[in-house]
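Here are my notes on the model. Please read them with the coordinates open.

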Amino acid sequence: MAPSSLPSVLLILLISVLPACLASIPVSGAYGLEQLGADGLYREILRDETVLRLKELGKISDGEGFLERTFLSPASFRATDVIISWMKDAGLTTWVDQMGNIHGRFEPSNSTDKALLIGSHMDTVIDAGMYDGALGIICAISALKVLRVTGKLQRLTRPVEVIAFSDEEGVRFQTTFLGSAAVAGILPESILQVSDKSGTTVQEALRLNSFEASAAALGQVKYSPESVGSYVEVHLEQGPVLEALRYPLGVVKGIAGQTRLKVIVDGSQGHAGTVPMKLRRDPMVAAAELVVTLEGLCKDPSRFLTYDEECGCFNEESLAGLVCTVGELLTWPSASNVIPGQVNFTVDIRAMDDLVRETIVASFSRIVMQRCDHRLVDCAVEHKHSAAATPCDPELTAQLKRATRSAVSAMAPGGHGHAGAESTATPVLMSGAGHDAMAMARLTRVGMLFVRCRGGVSHSPEEHVAEDDVWAAGLALLRFLDQHAVAEL
């Protein structure tokens, strides 16, 4: 070989070998090795990059001028491509299952431990905010990316997997948890025949997008309980409690059970000007009285519940979080000059304690009959839906609580937006809203971390989480992983 050609050959060799060499080195240098995580807070990834990614995902929409991303919509597939790229950037092996869920997993060599799953949903309501669901997915990816760039990913003691569930909100097919229920193995085969407003079934929608859409395919999505050790979900609170407590994060002790009722009140339809007040059988007035009674029952249960209904066993803790809502009221014939003939209204009752919820339902049903008899109208109470409360695993909750305390304390002294929070006990909340953790609890033990949101607003473009609170959530999740899934050197 001519000596003059040697430098060129060496250059070619260097170019071919260098990428492989760099791939084996922690890539902290991309952010500045001397700066990234020097204080253990990883602001560049856990805050700055996470916030940018939330905004990017928030722009991927089927709606023009508003955020809408529903199950198997065109926007959902554009979002899938982006989320997969982020998972790969974190060093994860990725795939999309037969229900459209996106998986990113790191499998340590020689590990026989059960997997830790971390997830939330990628779908949205119509005219949504950009944090609901997306926050939990991106925070999880960011925490794992920190492990990669710091060289800790290879030290994981168990498989860790991030899942972006394809459907939680149930907007398109009016049935929630399609994604997580499939993973948990509780999605019935009959779901394939449920139709959306256009008449397209779940099965047809899946097949139109190159999924198999069969009972066997659903079986492939299901995880074995023997392979999963726990599931953790980060989610914005969707309520005002953390903001009122001036604390960025809270751990969730459980997800409330729910009962939905329909109350039907029948009276005598008549002319608004000719039927004397004392001779009326007005279902509207009876319904109004029942709505106000329900409010009183749930605000101060002890005024209505008797000892025979076991009220003596209820303490302040079991009654905490009891909420009751009348969300819909319909009248017939709904004319300004007609006394209604019938009024229907819905009732939504939620509580962490199932016995409390069941007792409130029974008490309200009894009161309905009593008040209707008094007003000489006919009433019926129909039970439409009932779901038991989902308690979070006490051990996972305690671990998340310690990680939260550690993260918030670490951020506070440096003036990172949580001054004074380190002296406050980590709030323990219940969730009145449903989450993927409810379905995943049928598969494994679950834990949840709530993140403060402005005004408690969610399912709205006004939904907002402060950048430092996004940071706190990512750091708490990172500390949780560090403490319970990363081997010490």
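The points below go from the whole chain to single residues.

1. Basis. The model is predicted; local features need pLDDT of at least 70, side-chain atom pairs count only at pLDDT 80 or more, and totals for chains, interfaces and linings use all residues. Residues are numbered from 1 along each chain as its sequence is written, and side-chain values use heavy atoms, with hydrogens and water left out.

2. Whole chain. There are 14 helices and 16 strands. These are DSSP runs (helices H or I, at least four residues; strands E, at least two), numbered from the N terminus. Of the 489 residues in the chain, 51% are buried. Buried means under 20% relative accessible area, exposed over 50%, partly exposed in between (1.4 Å probe, protein chains only). Among contacts with a separation of 6 or more, 78% link residues 24 or more positions apart. A contact is heavy atoms within 4.5 Å.

3. Helix H2. H2 runs over residues 43-58, 16 residues in total. From first C-alpha to last it reaches 21 Å, close to the 22 Å expected at 1.5 Å a residue; the expected span is 1.5 Å times one less than the number of residues. H2 bends by about 30 degrees at Thr50. That bend is the angle between axes fitted to the seven residues ending there and the seven starting there. Thr50 is also one of the buried residues of H2, which include Arg47, Glu49 and Arg53. Their cover includes helix H3 (74-89), H4 and helix H14 (467-484).

4. Asp123. This residue sits in the loop between strand S3 (115-121) and helix H4 (134-149). The Asp123 side chain does reach the backbone nitrogen of Glu169, at 2.9 Å. Beyond neighbours within four places in sequence, its contacts include Arg69, Asp132, Phe165, Glu168 and Glu169.

5. Most residues other than glycine have a negative phi, and most peptide bonds are trans. A cis peptide bond joins Trp332 and Pro333, with omega about 5 degrees. Pro333 is in the loop between strand S10 (329-332) and strand S11 (338-339). Ser334 is in the loop between S10 and S11 too, with a positive phi near 60 degrees. Ser334 is exposed, at 55% relative accessible area. Gln238 has a positive phi of about 65 degrees; its loop lies between strand S5 (228-236) and helix H8 (241-245).

Note on methods: A polar contact is a pair of N or O atoms within 3.5 Å; within protein, one must be able to donate a hydrogen and the other to accept it, and residues adjacent in sequence count only if both atoms are side-chain atoms.
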